[in-house]
Amino acid sequence: MRLRIFTEPQQGASYDTLLAVAKAAEDLRFDAFFRSDHYLKMGDVDGLPGPTDAWITLAGLARETSRIRLGTLMTAATFRHPGPLAISVAQVDRMSGGRVEFGFGAGWYEAEHAAYGIPFPASARERFDRYEEQLDVITGLWSTPVGESFRYEGRHYRLTDAPALPKPVQAPRPPVLIGGTGPKRTPRLAAAHADEYNVPFSSAEETAAAFGRTRDAVRAAGRTAPMVYSAAQVLCCGADDAEVARRAAAIGRDVDELKADGLAGTPAEVADKIGRFAEAGAERMYLQVLDLSDLDHLELVADKVMPQLG
């Protein structure tokens, strides 16, 4: 089981704060630093100093870290055209020496689109249709051999004689992550395009069922390439009950709710629950850290939880 740090900067974080978390995660031997891709806060927070762009952030971190892998859960297909997005991600992969992972989703948060003037397709079907075409375009651009051009004729996107440059360091492409619990289309798209399938904020039982649907889709597609299975959960770990309660209060959450719906409790309790996700088939766990000022939280997990996971 590999542990990865997952942040939500739209809730309020500067680049300097994210850099401090990423460097701490690297020093503590976490496997990866991931961030969300959102432009608007959610819930009862002020969101100050305001949103940071996911790929600009990761470009900066690429030059200021050396080992830790970097990625998004999930870049929204509604935010960017696929050609320029393929260029951006490939460039950040080169800037990092090949440490980028590309989490990619259809986009869902309508309010942030309205707030910043981003077109938002009215129907979920159109969003997924555009998303599927973007997957074709981005992975097609990356995998086109140097010296050859890429063409694409879709309903929503058309590319003519694209030089398909630059290439990422990782060949044929950075790992692609697809997530969600949709019963049919998501497993099919994961089987066709993803290197990793992620289930966010679900119980171990629900996660196991979603993994099963994707495994079925992988078999139905005749796929032979391996698939990595992962889960994401909110983290609230403390050395004792008082510290757990303090960390829960700092993020405005109830301890009992966090224990039921996330990874909360003492290191032994957190390790035990991660073990249940491992039994469900998860190979990686994304720890959603909401208080980015509390670097001692990361140190506790690295010191007391990681060793229990083998």
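Modeller: I begin with the elements: helices (H or I, at least four residues) and strands (E, at least two) are DSSP runs, numbered from the N terminus. Residues are numbered from 1 along each chain as its sequence is written, and side-chain values use heavy atoms, with hydrogens and water left out. The model is predicted, so local features need pLDDT of at least 70 and side-chain atom pairs count only at pLDDT 80 or more, whereas totals for chains, interfaces and linings use all residues.

Colleague: What makes the phi of arginine 29 worth noting, and where is this residue found?

Modeller: Most residues other than glycine have a negative phi, and most peptide bonds are trans. Arginine 29 is not a glycine, yet its phi is positive, about 70 degrees. Arginine 29 belongs to the loop between α1 (15-27) and β2.

Colleague: Which residues does a cis peptide bond join, with omega of about 10 degrees or about 0 degrees?

Modeller: Leucine 48 and proline 49 are joined with omega of about 10 degrees, and leucine 165 and proline 166 with omega of about 0 degrees. Proline 49 sits in the loop between β2 (32-35) and α2 (54-64). Proline 166 sits in the loop between β7 (158-162) and β8.

Colleague: Why is α10 called roughly perpendicular to α11?

Modeller: Helix α10 (residues 267-280) and helix α11 (residues 295-305) pack at about 75 degrees, with their axes 10 Å apart. The axes are lines fitted to C-alpha atoms, for helices over the stretch in contact, and angles run from 0 to 180 degrees between N-to-C directions. Angles under 35 degrees count as roughly parallel, over 145 as roughly antiparallel, 65 to 115 as roughly perpendicular and the rest as oblique. Therefore α10 is roughly perpendicular to α11. Contact (heavy atoms within 4.5 Å) is made by Pro267, Val270, Ala271 and Ile274 of α10 and Leu300, Lys304 and Val305 of α11.

Colleague: What makes the pair of phenylalanine 128 and tyrosine 131 edge-to-face?

Modeller: Rings of Phe, Tyr and Trp (its six-membered ring) pair if their centres lie within 6.5 Å; planes under 30 degrees apart count as stacked, over 60 as edge-to-face and the rest as tilted. For phenylalanine 128 and tyrosine 131 the centres are 5.8 Å apart and the planes 85 degrees, hence edge-to-face. Both residues lie in helix α5 (residues 124-143), three residues apart, about one turn of the helix. By this rule the count comes to 13 aromatic pairs.

Colleague: How do you know what is a cavity and what is a pocket?

Modeller: On a 1 Å grid over the protein atoms alone, a cavity is a set of points where a 1.4 Å probe fits but cannot get out; a pocket is an open set with protein on both sides within 12 Å along at least five of seven lines; lining residues have an atom within 4 Å of a point. The search finds one cavity of 30 Å³ or more. The largest cavity holds about 60 Å³, and its lining includes Leu235, Arg247 and His297. The largest pocket has a volume of about 630 Å³. It is lined by 32 residues, of which Met74, Trp108, Gly179, Gly180 and Pro200 lie nearest its centre.

Colleague: How is such a volume defined?

Modeller: Grid points are joined across faces, edges and corners, and a volume is the space filled by probe spheres set on the points.
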